[in-house]
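User: I am new to this structure and would like to go through it step by step. Could we begin with the charged side chains and then turn to the strands?

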Amino acid sequence: MKILIVDDEQYVRDHLRQVLCDHEAITAINGKHGLEIYNREGDFDLVISDYCMPGMSGVEFLDRVHSLNNEQPMALFTGHSMDFSKYLPKHAKGFCKLYLEELLEYVAEVAGETYHEPDIGDWDQEWYSQRA
């Protein structure tokens, strides 16, 4: 499965690519870069975007992808503890980085696979140490 990951934090991009190693994961550093890749390659099975990024927000990025392909499976991913559900585009699923397994379950669903919990390391500890 081909997945586009858009996040402004290198650590998050690298970690998601690592836990999604059974799939072809392509990363972008922000929404603008993500749109460039999407327009160039355009055949992604899933698009995952960070919620809060400088410049174009994840919501705006996913709205633009949706306008290009309204059948595109999408996920909005955030590390903020706020309730972002009111900002979530109706065409995307929302996930918190603290609950990475929920996103991975959605990836398996999109891929038509049975979810098997991967070794994701100590995500919480690593995530917070990178943000400190």
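Analyst: Buried means under 20% relative accessible area, exposed over 50%, and partly exposed in between, with a 1.4 Å probe and protein chains only. Please note that this is a predicted model, in which local features need pLDDT of at least 70 and side-chain atom pairs count only at pLDDT 80 or more, while totals for chains, interfaces and linings use all residues. Residues are numbered from 1 along each chain as its sequence is written, and side-chain values use heavy atoms, with hydrogens and water left out.

User: Which side chain does Lys2 meet in a salt bridge with Asp43, and what is the N to O distance?

Analyst: The Lys2 and Asp43 side chains form a salt bridge at 2.6 Å, N to O. The term requires a side-chain nitrogen of Lys or Arg within 4 Å of a carboxyl oxygen of Asp or Glu. Asp43 lies in the loop between helix 2 (31-41) and strand 3 (46-50) and Lys2 in strand 1 (residues 2-6), so the pair ties together parts that are 41 residues apart in sequence. Helices (H or I, at least four residues) and strands (E, at least two) are DSSP runs, numbered from the N terminus.

User: Turning to strand 1, how many of its residues are buried?

Analyst: Five of its five residues are buried, leaving strand 1 mostly covered. Lys2, Leu4 and Val6 point one way, while Ile3 and Ile5 point the other way.

User: Why do the side chains alternate?

Analyst: In a regular strand, side chains alternate between the two faces of the sheet.

User: Which strands pair with strand 1?

Analyst: Strand 1 pairs in the parallel sense with strand 2 (residues 24-28) over five bridges, and with strand 3 in the parallel sense over four bridges. Two strands pair if DSSP finds at least two bridges between them. Leu4 stands opposite Ile26 in strand 2, and Ile3 stands opposite Leu46 in strand 3.
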